[in-house]
Amino acid sequence: MKNILWICGRLPTPLFTGDALYSAGLLKALAQTNEAAITLVGTRRTDEPVGDHILSLPNTTCVDVPPTRSSGLRSLLSPLPRDAFNLSTPELSRSLAKLLQRNWDWIVIDHAYSAGPLSAVLQNRKRASICYISHNAEGAIRPRIASSFNNPLRRTLMRLDAEKYRRLENMILQTADAVTCISAEDASYFERFSKQVHIVPPVYLGSVCPARQIQSDCPRSLLLLGSFEWGAKQRNLELIVESLLPALQQNGVTLNVVGTVPQHFRDRFTSFRPHLSFHGRVDDVSPFVASCRGGLVPDLLGGGFKLKVLDYAFQRLPIFGLRNALAGTTVTEQSAMFPADGLDSLAETIIRNIDDLATLNRNQDSLFELLSARFGLEAGTRYLSKVFL
C-alpha cells in the first residue's frame, strides 16, 4: 500500500468548478485501486462541510481547514501568485507541518495554486517522491490571459500575477519526480522541464443520460455551462456574448448560460434578452439539456481540457466549439462535434446545423461512445496506476 499525501489548496468540494471536478475524479480513480492510502489536506472552498464524494472514498482521510479570506493587496508584496498566497493560510501550514512528520511514498501538489507551502514540503519530504498534478500549463496560458484585458491597471496586475505563476510552476517542475497533465498540448510544454510527464485525462463523475433523440419540438437553444467568478472567465464570457449573440439573435437561437455569473455582468447584456438567459448555479442540468440542441465550448482564453465537454457528451448533447477550446480531444472525437476556428465561423456553424436534426443526433450518439471509452473511471485508474503504483 502506497502512502500518499495529497496537497490540494482548494479541496475538491463542492463540485461546481472545473478544478474541483478534475481533482475529485483523480482522487476517486486512485482510491478505487485499493493500493493507495491517501491523506488529502487543503482549505475548504466554503463554510459547508466536505462532501460525501470525498469522505466516502476508500482508504482516504481528509484533513480540512477553514476557507481562506481575501488578502486584498497584501499578495502584491509576496513572491507568490495571489491564489497561492491566499491558500497558504496559517491553519494549513500547521496541519501540513504535522503531516510532514510522517513517512510518505508520494507527496502530491495538486494545481500550482497549492504550491505555497512548497519550501516546507522540500525541507521535510524525507524519501518521498513529488508529483505535480497540473491543471493547465500556467506558464504558457496566464500571460495570454493577462494580455487580453483592456483596462491597463488590470492588465498590469494580471501580468504580474502571471509571472509569479510562471516562476512558481518552474520551481515545482524543477523538484517534481513526476508531472501529470490533461492534454498532449500541455505535455509538449512540460516536457521541456521534465522527463516524467504523464497525460491523465479527466475522469467523468456525473450522471449519464440514457439514449435520446433531439426532435423538432426541442427549442432552438444552446447550453453554456461554466463558473464565471474568475476575471479571466468573465472576459471569456464577454467575448463570447459580444461575438456570438448578434448572429444567434438574428437567427432566433437562444443561449442558456448555467453557472455563477455576477449580477453586474448580467446587467450589461439585457439588450440580448430573451435570446440570452442567465440561470445561475443549478444542482441538476438535465432540464436544460432536454431543452437545448447543443452545448457550447467557445473559450478563447485559458488552456487545458474543458470539462464541460464531458458534461455535454455524457448528457448526450451535441457540441459546438472552437478547435483551440477542444484541446485534449482527438481528431476522431472532434469529427463527432461541430468545430470551428473562430467565433465568427462558429456562429455560422451553429446557424447552419441547428436545424439538421439527423446530424445532431448522429454526432451526439457517436461522441457518447467515443468519450465513454476514454474518460471513465476504469480508464482513470489505469492512468494513475502507472504514475503512483
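A residue counts as buried under 20% relative accessible area, as exposed over 50%, and as partly exposed in between. Keep those cut-offs in mind as we walk through this predicted model.

The side chain of D355 meets that of R293 in a salt bridge, with 3.0 Å from N to O. D355 sits in the loop between α14 (343–353) and α15 (357–374), while R293 belongs to the loop between α11 (286–290) and β11 (294–297), so the bridge ties together parts 62 residues apart in sequence. R293, at a relative accessible area of 4%, is buried.

D341 is exposed at 65%, whereas R323 is partly exposed at 40%.

Now for a bridge inside a helix. R382 and E378 meet at 4.0 Å, N to O; they are 4 residues apart in helix α16 (residues 377–388), which means about one helical turn separates them. R382 is partly exposed at 44%, and E378 is exposed at 62%.

The whole structure holds 16 salt bridges. Salt bridges also link R235, E238, E242 and R268 into a network.

Finally, turn to a nonpolar surface patch formed by L73, L76, L77, L153, L157 and L160, which together have about 630 Å² of accessible area. One of these, L157, is found in helix α7 (residues 152–175) and is partly exposed at 36%.

Definitions and conventions: Residues are numbered from 1 along each chain as its sequence is written. This is a predicted model: local features need pLDDT of at least 70, side-chain atom pairs count only at pLDDT 80 or more; totals for chains, interfaces and linings use all residues. Side-chain values use heavy atoms; hydrogens and water are left out. Patches are made of residues with over 30% relative accessible area and no salt bridge: like charges are joined within 9 Å, nonpolar side chains (Val, Leu, Ile, Met, Phe, Trp, Tyr) within 5 Å. Accessible areas come from the Shrake-Rupley method with a 1.4 Å probe; for residues, only the protein chains shown count as cover. Helices (H or I, at least four residues) and strands (E, at least two) are DSSP runs, numbered from the N terminus. Buried means under 20% relative accessible area, exposed over 50%, partly exposed in between (1.4 Å probe, protein chains only).
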